[in-house]
Amino acid sequence: MSRKKFFKNVKRKDIIIGLVVAIGVFFGVSYLYMLGSYHINFLQGTTINGIDVSGLTVEEAETKVREGEDHYILTLKFRNNKTETIYGKDFAFHCVNPYDIEKLLDEQNNRLWFMNTLFKQNNDYTIEAGFSEQQLKKQLNSMPALQKKNMEAPKDAFPVYKDGAFSIQPEVLGTTLQEKNVYNAVTEAVKKSQATLDMESVYDSPTVKADDKNLTEQIPNLNDLVATKVTYLLPNGKKKVLNGTMLVKWLKKDKNGRYRKDKSLWNEKIKNFVHTLAEEVDTTYEERTFITHAGTEITLPASPYYGWKIDEEKEAEQLEKDLKTKKAEKREPVYSKREAADISDNYGFGQDYCEVDLGAQHLWIYKKGKVVLETDVVSGKDDSEHKTPAGAFTAYDMQQNKILRGERKPNGQYEYETPTKYWIRLTERGVGLHDAPWRGSFGGSIWKRGGSHGCINLPAAAAAKIYELMSNGTPVIVYY
């Protein structure tokens with residue numbers, strides 16, 4: 001290497017070293033200068049109670065924070081997008097304490113001023129504020145949101161029946177505030193010089209919410225209970241529907257709006273429903289209109305033996321079964337007695353019936369509205385004990401070769417025993433139609449002195465034909 005070139009390289013290195021040393025000295029001096037500066041000034045990014053005091057001395061920071069005291073505002077955020085504002089000056093708000101500010105400066109690590117500046121780190125400090133508790137309470141108590149008359153109580157979510165099914169009625173949060181907790185929350189916020197405070201945490205809350213497991217699990221079960229629809233096909237083309245709208249009223253509802261099936265109540269509701277249905281449908285024990293063979297309109301006395309009558313016990317059993325199927329059912333009620341026809345068809349007697357005029361001691365059999373047989377008869381003796389009852393009846397318990405017996409005597413024998421070939425019962429007490437071959441004549445006034453024990457006696461030949469023409473359920477109209 002030439003001498004000239006050597007000295008040239010040495011000179012270049014010296015220059016570089018010199019520059020590095022100069023830069024190092026500059027940064028060193030600057031660092032030491034800033035280190036000394038931040039010994040008496042706050043670091044960049046420093047706040048006290050939300051007020052920026054970056055680069056300020058204790059005295060400057062105190063002045064700036066003190067200025068902020070006069071403008072301190074706390075905004076309270078309530079439900080339904082409502083807000084209330086309280087001003088520090090109205091409750092003697094103050095937070096400046098020179099000793100506290102100086103202590104904060106002493107605690108800051110000024111050796112990290114460079115990193116703090118480079119990475120824009122924040123140092124947020126809070127000096128606990130002081131205030132007048134009495135004046136703060138006065139401010140809070142004057143707010144409309146804290147007036148009990150303006151508070152809406154929370155409501156639990158609960159099942160609701162609508163449009164044929166159960167769903168969940170969501171909870172109502174309400175606006176009832178917990179007075180003690182309100183004051184505690186506001187106090188803490190003021191101490192920290194917060195600018196805003198969300199009041200959500202100090203509201204009363206519903207106990208049961210829409211996503212409550214016990215509640216959501218109820219809905220399918222409740223819908224199962226009211227899923228059945230029973231359409232009753234009633235006499236004279238009428239209908240009655242039992243569906244969820246009614247069934248939901250059979251469930252027990254507690255004070256919180258929750259439904260459940262109470263077995264005892266459910267069974268009672270079934271029983272009451274069937275009884276009410278029977279009161280609407282039953283026509284037994286009612287007077288009835290009838291047009292006699294002579295064309296006269298008469299009123300038959302009330303009788304338990306003819307008409308519509310629901311068997312309430314059996315119907316209740318059937319309804320209970322229906323309600324477990326969760327299906328749509330369409331049927332008649334379970335009847336113990338029925339009418340032969342709609343009320344518009346010969347007042348409910350239809351066109352096939354038996355008519356007995358006890359005054360005339362005569363009987364007619366009708367088929368399709370026309371007389372197909374008639375005969376004289378002998379009815380019960382004209383006295384209080386044996387007189388044949390008038391009214392509307394239904395033929396039942398039809399038998400051949402039946403022995404009719406009177407009441408049993410103390411010695412074990414019967415008052416009478418009468419063999420018959422044809423027997424058609426009308427009442428539970430033993431009144432009916434039967435042949436009486438021992439009689440030589442029928443009709444006239446025989447019945448008044450020589451009548452039966454209450455039955456309607458028939459000539460033997462006529463009895464055989466009547467038995468063929470009638471069947472269980474044939475209406476029998478008897479009148480004087």
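So, let's start with two helices: H9 passes H10 in a right-handed crossing. Before I go on, keep in mind that this is a predicted model. H9 covers residues 263-281 and H10 covers residues 312-325. Their axes sit 9 Å apart, and the packing angle is about 125 degrees. That angle makes H9 oblique to H10.

Which residues of H9 and H10 meet each other? From H9 we have Trp266, Asn267, Ile270, Phe273, Val274, His275 and Ala278. On the H10 side there are Glu312, Glu315, Ala316, Leu319, Glu320 and Leu323. Sorted by class, that contact holds eight nonpolar, two polar and three charged residues.

Okay, let me step back to the chain as a whole. How many helices and strands are there? The protein chain has 12 helices and 26 strands. It runs to 480 residues, and 40% of them count as buried. Now take the contacts between residues at least 6 apart in sequence: 64% of those join residues at least 24 apart.

Back to helix pairs for a moment, with H5 and H6. H5 is residues 133-141, and H6 is 179-191. Their axes come within 11 Å and cross at roughly 120 degrees. H5 and H6 are therefore oblique to each other. The crossing of H5 past H6 is right-handed.

Who meets whom there? H5 brings Glu133, Leu136, Lys137, Leu140 and Asn141, and H6 brings Glu179, Tyr183, Val186 and Thr187. By class, the H5 contact with H6 has four nonpolar, two polar and three charged residues.

Staying around H6, have a look at Thr176. You'll find Thr176 in the loop between strand E7, 165-169, and helix H6. Is Thr176 buried or exposed? Its relative accessibility is 15%, so Thr176 counts as buried, the cut-off being under 20%. The side chain of Thr176 reaches the backbone oxygen of Glu152 at 3.0 Å. Setting aside neighbours within four places in sequence, Thr176 is in contact with Met151, Glu152, Ala153, Pro154, Val202, Tyr203 and Asp204.

Thr474 is in the loop between helix H12, 460-469, and strand E26, 475-479. With 11% relative accessibility, Thr474 counts as buried. What lies 2.9 Å from a polar atom of the Thr474 side chain? That's the backbone oxygen of Ser471. Not counting residues up to four places away in sequence, Thr474 touches Asp352, Tyr353, Cys354, Phe393, Thr394 and Ala395.

Next, some backbone angles. Tyr347 isn't a glycine, and yet it has a positive phi of about 60 degrees. Tyr347 lies in the loop between strand E17, 335-337, and strand E18, 353-357. Its relative accessibility is 31%, so Tyr347 counts as partly exposed. Gln361 has a positive phi as well, near 55 degrees, and again this is a residue other than glycine. Look for Gln361 in the loop between E18 and strand E19, 362-367. Gln361 is buried, with a relative accessible area of 0%.

Now go back to the loop between E17 and E18, where you'll also find Gly348. At 0% relative accessibility, Gly348 counts as buried. How far apart are Gly348 and Arg288 in sequence and in space? They're 60 residues apart in sequence, and 9.1 Å apart in space from C-alpha to C-alpha. Leaving out neighbours within four places in sequence, the contacts of Gly348 are Arg288, Tyr306, Glu339, Ala340, Ala341, Asp342 and Ile343.

Last stop: Lys381. Lys381 is in the loop between strand E20, 370-376, and strand E21, 391-394. With a relative accessibility of 30%, Lys381 counts as partly exposed.

Key: Residues numbered from 1 in each chain as written. Predicted model: local features only at pLDDT ≥ 70, side-chain atom pairs only at ≥ 80, totals over all residues. Heavy atoms only, no water. Axes fitted to C-alpha atoms, helices over the stretch in contact; angles between N-to-C directions. Helix = DSSP H or I, 4+ residues; strand = E, 2+ residues; numbered from the N terminus. Parallel < 35°, antiparallel > 145°, perpendicular 65-115°, else oblique. Left-handed = near helix turned anticlockwise from the far one by under 90°. Contact = heavy atoms within 4.5 Å. Nonpolar A, V, L, I, M, F, W, Y, C, P; charged D, E, K, R; others polar. Buried < 20%, exposed > 50% of the residue type's maximum accessible area, 1.4 Å probe, protein only. Polar contact = N/O pair within 3.5 Å; in protein donor to acceptor, adjacent residues only side chain to side chain.
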